[in-house]
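Let's take a friendly look at how charged side chains pair up in a protein model. Keep the structure open while you read, and find each pair as it comes up.

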Amino acid sequence: MYISDKNKQLNTYDAIVIGSGISGGWAAMELCKKGLKTLLLERGRDVKHVVDYPTAMLNPWDFKAGLNNTIKDRETDPVQSTAYSPADKHFYVSDAEHPYVQEKPFNWYRGYQVGGRSLTWGRQCYRLSDLDFEANHKDGFGVDWPIRYKDLEQWYSYAESFIGVSGNRENLPQLPDGEFLTPMELNCIEKHLGDSIRKHDEHRLLTIARVANLTRGWDHRGPCQNRNLCNRGCPFGGYFSSNSSTIPAAMATGNLTLRPFSIVTELLFDEHKQKAKGVRVIDTLSNEVHEFYAKIVFVNASTIATAGLLLNSVSSRFPDGFGNGSGQLGHNLMDHHSSAGAYGVHEAYTDQYYKGRRPCGFLIPRYRNLQDDKSLNFKRGYNIQGHGERQEWMDKAQSIDGFGEDFKAQLTTPGPWTIWMAGWGECLPYFDNKVSLDNFQKDKWGQPLLKIDFAFRENEHNMMTDIQQTSAEMFEKAGFKNIDTFNYNKPGGSTIHEMGTARMGHDPKTSVLNKFNQMHEAKNVFITDGSCMTSSACQNPSLTYMALTARASQFAYEQLKKGEL
Amino acid sequence: MNRRLYIKSVFGLAVAGAASFSIFKWVSMNRAIVPADLIHKKEMLAELAELIIPQTDTPGAKAAGVQDYIIAVMLNCTPAKEQNKFIDGIAELEDYTADQYGKEFLKCSLAERKAVLKHMAKNSSGYSYKILNKINNKLFGKPFFLKLRELTVEGYCQSRLGATQGLAYDYIPHTFDACIPLLKNQKSWATK
């Protein structure tokens, strides 16, 4: 491809950010605010805040076949259709159009659009603690994190203060408090379970989830209207997304160029300077190939896609993938497991109800292995997430017999209080859990398909059994009836917390990134999506990505000013 | 022929020795249905749904248009196997009505219709073991009555009349009140 100097100039920016989801939006905003001319590349279409949320204000009866997916949907999108419904299908990719190879069953849920999965995320925001940052070092699984809590603490505060997180301070060493807006409120059955837990075990407590849903107006957004329709996009800006928050803020600086419909196929390496010089892009509308250049590149394509992009960027310096001198690129793939838990019914509080639809449940922070407990047959830990409610029509329809007036009367009145809860558990970093490229199968743009080879192991399975047992115990002690423990045995990917394929570490021989998310082998490349995670901890990870991104952006900017990049 | 018993016996044999299951039956269960077969039954489906969720002090299933929902979900969102099970269920109900009362279902009195549906409900109680029901439902689809009732409930509770009058609908709640006293005659919330 021939590029004239003039075109090259037109295609040159201070910074390029690949991907516009949670971490990419943050990178773009931070770099733009620092005055860098930034190109934000997104492979999907543009989604503008409010105007591109077509289902956000629809009523249940506006969906002619309810929220059932069609037979065709299930055939075309065997994976995505297990996550989407007609209400939010437009924020998920088509599996048929964007295939991947499952060496073992793996649900890779994706949203290729401006905002990525920040439109459909669960919005739970938890800090990691030194229990998590020191875990690999202490028990020897994986490499040591190159940072500790004190390195990230102020950046957590910075991220929380910008996005707006509601939550309750609990003063726990394993789950540090943050900058919180007024918490959402627990209902009476959740309080009841919480009281019982506090009475029976000093190491456990039940608290309201910490979520990026606003309990008051914040940064020209919100408050949350308690509709619990977040995954359709929120016209009130009641929760944080790239679309409602970071991208408009980046745009407001005048430094942002947003380019949707742009698949980045390769990072370009400058052999002379031993740095990245830019990216190659396929325009999905015109199928034209473009090159864009910049002083620094932030890769935020999301864990699996980031690994794929780097593996696909080969040169004489990097025959096995960009920055892959360690051989770790694509390896150590992790996802939390959230398949195991319990359900229970309680006979009390029949005179109590609620109004509004709180967009989150409760959290029982990690209580296992706070000190290494030799009596347990697994390492690390889990937290419990759940919610309490009265049985409504969708629950009752299965359990009431017959038909007619009596059936209708039962169906339309509140049933007993129930709680559903499950463990969100840590997954160890196994080298063999990995992403690689398929050398034979290509997608419609001629790019190799990604192969995902992932399985949970004994440690995760033992933890799931423990989750079932401890959940049931907590229910029993709180007087619940009809306790049912379950394990859905969902495959990897189902918790949508993929991470670890380009991990941080001290040593370039065993890791891809240093403590500032800077690539060991190409100093002007930064990776701050889930790929960078050295261990998975058990907390929902997005807040950590945001904090790491803000921190890495600051570092990159300073290095750039010093002429180091 | 009592189809239910037939299927149960086939199922039993299939478990005992998988080879006994007829390929013809399998193909026939998985054939695509003709939409008209279902659309022609709209009036009957409306009456059946109304028996399940009748008009009381709040609207019933018929007024809420549940028949349209049932047909939409059946035609667009239901695998062929279950569609066939459902169509066969309607045929069985019609046969039974003709046997018992010598007339069409729509010509029956309310009491007769109730008796017919009660018969169908009894016929779909399934096995006393939960796991066998699960396998049975998976292999052969949900029994007709249970499927009909499930769709009626979904269709009703998400319809405009069902959600706003049969239940309590809060379009934009604004606030969340975690614990409030249950009101007299409090209806369930339509959405969660």
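Over all chains, the count comes to 41 salt bridges, a salt bridge being a side-chain nitrogen of Lys or Arg within 4 Å of a carboxyl oxygen of Asp or Glu. This is a predicted model, where local features need pLDDT of at least 70 and side-chain atom pairs count only at pLDDT 80 or more, while totals for chains, interfaces and linings use all residues. Residues are numbered from 1 along each chain as its sequence is written, chains are lettered from A in the order in which they are written, and side-chain values use heavy atoms, leaving out hydrogens and water.

| Salt bridge | N to O distance |
|---|---|
| Arg117(A) and Glu498(A) | 3.1 Å |
| Glu160(A) and Arg127(A) | 2.6 Å |
| Lys192(B) and Glu389(A) | 2.4 Å |

Arg117(A) and Glu498(A) link distant parts of the chain, 381 residues apart. Arg117(A) is partly exposed at 25% relative accessible area, whereas Glu498(A) is buried at 3% (buried means under 20%, exposed over 50%, partly exposed in between, with a 1.4 Å probe and protein chains only).

Glu160(A) lies in helix H6 (residues 149–163) of chain A and Arg127(A) in the loop between S3 and H4, so this pair ties together parts 33 residues apart in sequence. Helices (H or I, at least four residues) and strands (E, at least two) are DSSP runs, numbered from the N terminus. Glu160(A) is buried at 2%, and Arg127(A) is buried at 3%.

Which chains does the pair of Lys192(B) and Glu389(A) cross between? It runs from chain B, in the segment after strand S1 (177–181), to strand S14 (residues 382–390) of chain A. Lys192(B) is partly exposed at 36%, while Glu389(A) is buried at 12%.
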